[in-house]
Amino acid sequence: MRSRAALFLLVACWTNLPGQFASAPPEWNRPVEPFRVVGNVYYVGASDVSAFLITTPQGHILVDTGFTETVPLIVSGVQKLGFRMEDIRILLATHAHYDHAGGVAEVKARTKARFLVNPAEVEPFSRGGKGDFAFGDTYAFPPSKPDGVLRDGGEVRVGGVVVTAHFTPGHTKGCTSYTTTVREGRHSYRVAMVSSVTAPGYQLVNNLKYPEIVEDFQATFAKLRALPCDIFLAGHSWEFGLPEKLKALRNGASGNPFVDSEGYRRWVEKSEAAFRKQLEDQRGKPARNP
Ligand SMILES: [Zn+2]
């Protein structure tokens, strides 16, 4: 009996063990006053990890949830903007890494939203990021079983709003970027919310865990180059210059500082150049696979 009690305690402690899931670096999860980016698209994320709320009269769409620790910021942001978490009907994610999807399970529990993912990301989300082809179990987050799958070029429709999924694999096998068109006054803006395209420490050559990684990245960059984009948004705030643009917005800039198709093009070019350099550096060197 004593040993059974001890075993129970051990299991109970293990399942609640701090560190079972990777924690957010505090400097990446500083609060940001929520704001309207354009039309019905709002920023409800943290300082370094994005979360975008797209509102409609028939319910809302949330793209990304940041870290597990970002969820309270999202909840307070949604409320401050005058919306309700329980009206979020669709939950989307750019990819199954802890800094973009750490809060998925919590947001799902609070909203009952349908969580739709790239088919290649079903397993990674269900495993809570464990077994990542590059990071293994290091950046685990609370697992969440998706409610359905997206298709490349497929549309998600809520209350007259259409969000299109664009599969942009490489950073993960199921990375997905999203676009929607927003009308504001007499203007129409094509909004792009793009997933990460970096290869941090990745083995690009002869990667047995992701043999098609180079082809995937190349196809992704070709796709992103062709993607129409007026309003450039991404998974990390520094990628689309959130601090500078938000400052300009709050200082009463004449136009919307987030209208930045040039900044988007530069980001795609810079990202692709970094990828090519990494690939060239690795080519000709012996593979690290056992
Ligand atoms: Zn990532």
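1. In this predicted model, the hairpin formed by S10 and S11 has two residues between its strands, and Gly185 adopts a positive phi near 65 degrees there. The two strands, S10 and S11 (residues 187-194), pair in the antiparallel sense through seven bridges. Within this pairing, Thr179 has Ala192 of S11 as its bridge partner.

2. S10 also pairs with S9: the two run antiparallel and are joined by five bridges.

3. The loop between strand S9 (161-167) and strand S10 (176-184) holds His171, a ligand of the zinc ion through NE2. The other coordinating atoms are NE2 of His95 and ND1 of His97, and the distances are 2.1 to 2.2 Å. Along the chain, the donors follow the spacing H-x1-H-x73-H. His97 lies in the loop between strand S5 (88-92) and helix H3 (98-101), 74 residues from His171, and the pair thus links distant parts of the chain. Both His97 and His171 are buried.

4. Helix H2 (residues 71-80) has Val71, Ile74, Val75, Gly77 and Val78 buried. Viewed down the axis of H2, these residues fall within an arc of 165 degrees, so they line one face of the helix. An α-helix has 3.6 residues a turn, so residues three or four places apart point the same way.

5. The buried residues of H2 are covered by elements including strand S3 (52-54), strand S4 (60-63) and helix H4 (104-111). Pro72, Gln79 and Lys80, on the other side of H2, are exposed. Gly82 follows H2 and has a positive phi, near 90 degrees.

Definitions and conventions. Residues numbered from 1 in each chain as written. Predicted model: local features only at pLDDT ≥ 70, side-chain atom pairs only at ≥ 80, totals over all residues. Heavy atoms only, no water. Donors = N, O, S within 2.8 Å, 3.2 Å for Na, K, Ca; no water. Helix = DSSP H or I, 4+ residues; strand = E, 2+ residues; numbered from the N terminus. Buried < 20%, exposed > 50% of the residue type's maximum accessible area, 1.4 Å probe, protein only. Pairing = 2+ DSSP bridges. Arc of directions from axis to C-beta. Contact = heavy atoms within 4.5 Å.
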